[in-house]
Amino acid sequence: MKIGITGASGMLGTALLSLLSKSHEVFATSRNKGLEEKNIKWDCFDLTDFELLNTWLKKIKPDLVINCAAIVNVDFCEENISLATALHVEATKVIANYINITKGRLIYISTDSVFDGKKLGYYRETDPVNPLNVYAKTKLMGERFVQSTEGGLVLRTNIIGWKNKDDTSFVEWILEGLINNTTLNLFYDVYFSPLTVEELSLIIKKIIDNPIFGIYHCGSSDSISKYEFGKKMAEIFKLSCHNINKVSVDTMKFKATRPKNMALDNSKINSDLVYEYSNVQNSIKLIKNRYDENLKNFKKSKD
């Protein structure tokens, strides 16, 4: 199968390249080149150059496109509406139109932030959406183009893991703070259902082999506050958590409003895909295992 991956140098894109290139021909695109392995062919360009995007699609002729490209800096999106719209909405429209014509498949990586966070409990796919910021609004608009395609799949998720570039991910920021004993302000009133990029990659591989379509929620089997997540990381990494401050998101002066509850109900995908998700604790243990593995490899390279 020919698989096109956008945003391929990002955290999820890199994990997908590593996994899927073992059994498929993978065509990767991003602003900058990322993982280079056998069966991975790179084309670097700006996805908001729609002429180049169309040219790329027509050249590679993918059976499936996994659209991971996104501006994940929520406050940046709030101040750059046209850019967020171009990437999340218009570029997705171009890909969806191509998929419609070729009768291919499209997997769109969306967000748990499409809800306003006012519900008590876990969000189902049937719950009404009400995004609070530009990032979530534009991602939701992108979802609608994917839903208009017969071969379209929307995965709403919240991923955690290690980044392979200069940017720092949420777990890396927490770990650095714990190791360096710097103050970490973590929200006790923001809940999420994080999933490691490795696990989401395995789920996507399963979906490639067992196609599902429509909208599905993809998260851990439970939910946790950002504050408790930080404390759980400290426990599993065997580090002190005395530098973690318990704060409310309401005290922050963000440009973009954030939902307080982003907990996702996985029962639909559990049933249709026959897959049992990890809980948050096991996800953090996977993060710790990857950290230990990277540290071991780094030490080997120094010897």
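Val 190 is buried, at a relative accessible area of 3%, where buried stands for under 20%, exposed for over 50% and partly exposed for what lies in between, with a 1.4 Å probe and protein chains only. The model is predicted, so local features need pLDDT of at least 70 and side-chain atom pairs count only at pLDDT 80 or more, while totals for chains, interfaces and linings use all residues. Residues are numbered from 1 along each chain as its sequence is written, and side-chain values use heavy atoms, with hydrogens and water left out.

Val 190 sits in the loop between β8 (184–187) and β9 (191–192); helices (H or I, at least four residues) and strands (E, at least two) are DSSP runs, numbered from the N terminus. Neighbours within four places in sequence set aside, Val 190 is in contact with Ile 224, Ser 225, Lys 226, Val 249, Pro 259, Lys 260 and Met 262, contact being heavy atoms within 4.5 Å. Between Val 190 and Leu 52 there are 39 Å in space, C-alpha to C-alpha, and 138 residues in sequence.

Two other loops each hold an asparagine of interest here. In the loop between β2 (25–30) and β3 (40–44) lies Asn 39, which has a positive phi of about 75° although it is not a glycine. Asn 39 is partly exposed, its relative accessible area being 32%. Asn 181, in the loop between α6 (170–180) and β8, likewise has a positive phi, near 60°, in a residue other than glycine. Its relative accessible area is 45%, and Asn 181 is therefore partly exposed.

Turning to the helices, α1 (residues 11–20) and α7 (residues 197–209) have axes that come within 9 Å and cross at roughly 55°. Axes are lines fitted to C-alpha atoms, for helices over the stretch in contact, and angles run from 0 to 180 degrees between N-to-C directions. The pair α1 and α7 is therefore oblique; angles under 35 degrees count as roughly parallel, over 145 as roughly antiparallel, 65 to 115 as roughly perpendicular and the rest as oblique. The crossing of α1 and α7 is right-handed, the term for a near helix turned clockwise from the far one by less than a right angle, with anticlockwise giving left-handed. On the α7 side, Val 197, Leu 200, Ser 201, Leu 202, Ile 204, Lys 205 and Ile 208 meet residues of α1 that include Met 11, Leu 12 and Ala 15. This contact comprises 11 nonpolar residues, one polar and one charged, with Ala, Val, Leu, Ile, Met, Phe, Trp, Tyr, Cys and Pro taken as nonpolar, Asp, Glu, Lys and Arg as charged, and the others, Gly among them, as polar.

Among the buried residues of α7 are Glu 199, Ile 203 and Ile 207. The 13 residues of α7 should span 18 Å at 1.5 Å a residue, and the end C-alpha atoms are 19 Å apart, which agrees; the expected span is 1.5 Å times one less than the number of residues.

Helix α4 (residues 81–102) has its axis within 8 Å of that of α5 (residues 134–147), and the two cross at roughly 10°. This makes α4 roughly parallel to α5. Contributors to the contact include Ile 81, His 88 and Val 89 of α4 and Val 134, Tyr 135 and Phe 145 of α5. Nine nonpolar, five polar and two charged residues take part.

Helix α4 also packs with α2 (residues 50–60), at an angle of about 35° and with the axes 10 Å apart. The crossing of α2 and α4 is right-handed.
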